[in-house]
Amino acid sequence: MNYKNIAVFASHGGSDLQAIIDGCKSGSINARVCVVISNNSTSMALQRAKKEGIPALHISTSTTATLAETTLEALTAHNADIIFLAGYLKKIPSEILVAYENRIFNIHPSLLPKYGGKGMHGINVHAAVIDAGETETGITIHRVTAEYDQGDILAQKKVPVHPTDTPETLAARVLQQEHIFLVEFLSKNP
Ligand code: GRF
């Protein structure tokens, strides 16, 4: 797929978003972030986008009664070719799944299908990995469907779990690797 304009959806910190922006700026990714959409008005992701001069939109059920339509209008207005979910905690409405079929991607901080699904986000994922005694975990980039963390797996990268890890130290190691992996993935123009 040849795309130029990436819409990023993010709910919180936006460090993955920042990695995508930086990858575009350095030329590693041959595209640009055309709009950032967050369900959370106070997310760092929106602040990061504004700082970079990228349109930053707060769209949620508290801002619109027609979430799917409003989001689709914004995607069209900014000529989004693909949608990348970088820490976006809401389900994607079916209208958007249809309009962007095969063009919505998510990054998840485990080796799916392990440690995915409802409630498996943030520190919960890494705590579950440690509780299970895993010696390795990782990152998955997959297509987005109506169910959390399902859809075709497109790329995975392993990350070691150390015996001394806490959920926090493991989360930090995985997130750092995500920033590299994301750029590698998007630079291939999937
Ligand atoms: C990442 O761990 C990503 O895999 C998951 O949400 C986290 C986002 O981190 N989907 P950040 O908000 O980009 O720092």
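**Where is Pro 113?**

In which loop is Pro 113 found? Pro 113 is in the loop between strand 5 and helix 5 (123-131). A cis peptide bond, with omega of about 15°, joins Pro 113 to Leu 112.

This is a predicted model, in which local features need pLDDT of at least 70, side-chain atom pairs count only at pLDDT 80 or more, and totals for chains, interfaces and linings use all residues. Residues are numbered from 1 along each chain as its sequence is written, and side-chain values use heavy atoms, with hydrogens and water left out.

**The overall layout**

Let's follow the chain. There are 6 helices and 7 strands, and from the N terminus on they run β-α-β-α-β-α-β-α-β-α-β-β-α. Helices (H or I, at least four residues) and strands (E, at least two) are DSSP runs, numbered from the N terminus.

Along its principal axes, the C-alpha trace spans about 50 × 35 × 30 Å. The radius of gyration of the chain is 16 Å, which agrees with the value near 16 Å for a compact globule of 190 residues. This radius is taken over C-alpha atoms, and the globule rule is 2.2 Å times the number of residues to the power 0.38.

**Two loops with a positive phi**

Asn 79 is not a glycine, yet has a positive phi of about 55°. Look for Asn 79 in the loop between helix 3 (67-77) and strand 4 (82-85). Asn 102 also is a residue other than glycine with a positive phi, near 65°, and its place is in the loop between helix 4 (94-99) and strand 5.

**Around the ligand**

Now turn to the ligand. Among the residues that surround it are Gly 13, Ser 15, His 108 and Glu 178; a residue counts as near if one of its heavy atoms lies within 4 Å. Helix 1 (15-26), strand 5 (104-108) and helix 6 (167-187) each supply at least two residues of this shell. The shell divides into 3 nonpolar, 5 polar and 2 charged residues. Here Ala, Val, Leu, Ile, Met, Phe, Trp, Tyr, Cys and Pro count as nonpolar, Asp, Glu, Lys and Arg as charged, and the others, Gly among them, as polar.

An oxygen atom of the ligand is 2.7 Å from a polar backbone atom of Asp 16. For Gly 14, an oxygen atom of the ligand is 2.8 Å from a polar backbone atom, and for Gly 13 such a distance is 3.2 Å. Taken alone, the ligand exposes 370 Å², and the protein buries 80% of that (areas come from the Shrake-Rupley method with a 1.4 Å probe).

Note on methods. Polar contact = N/O pair within 3.5 Å; in protein donor to acceptor, adjacent residues only side chain to side chain.
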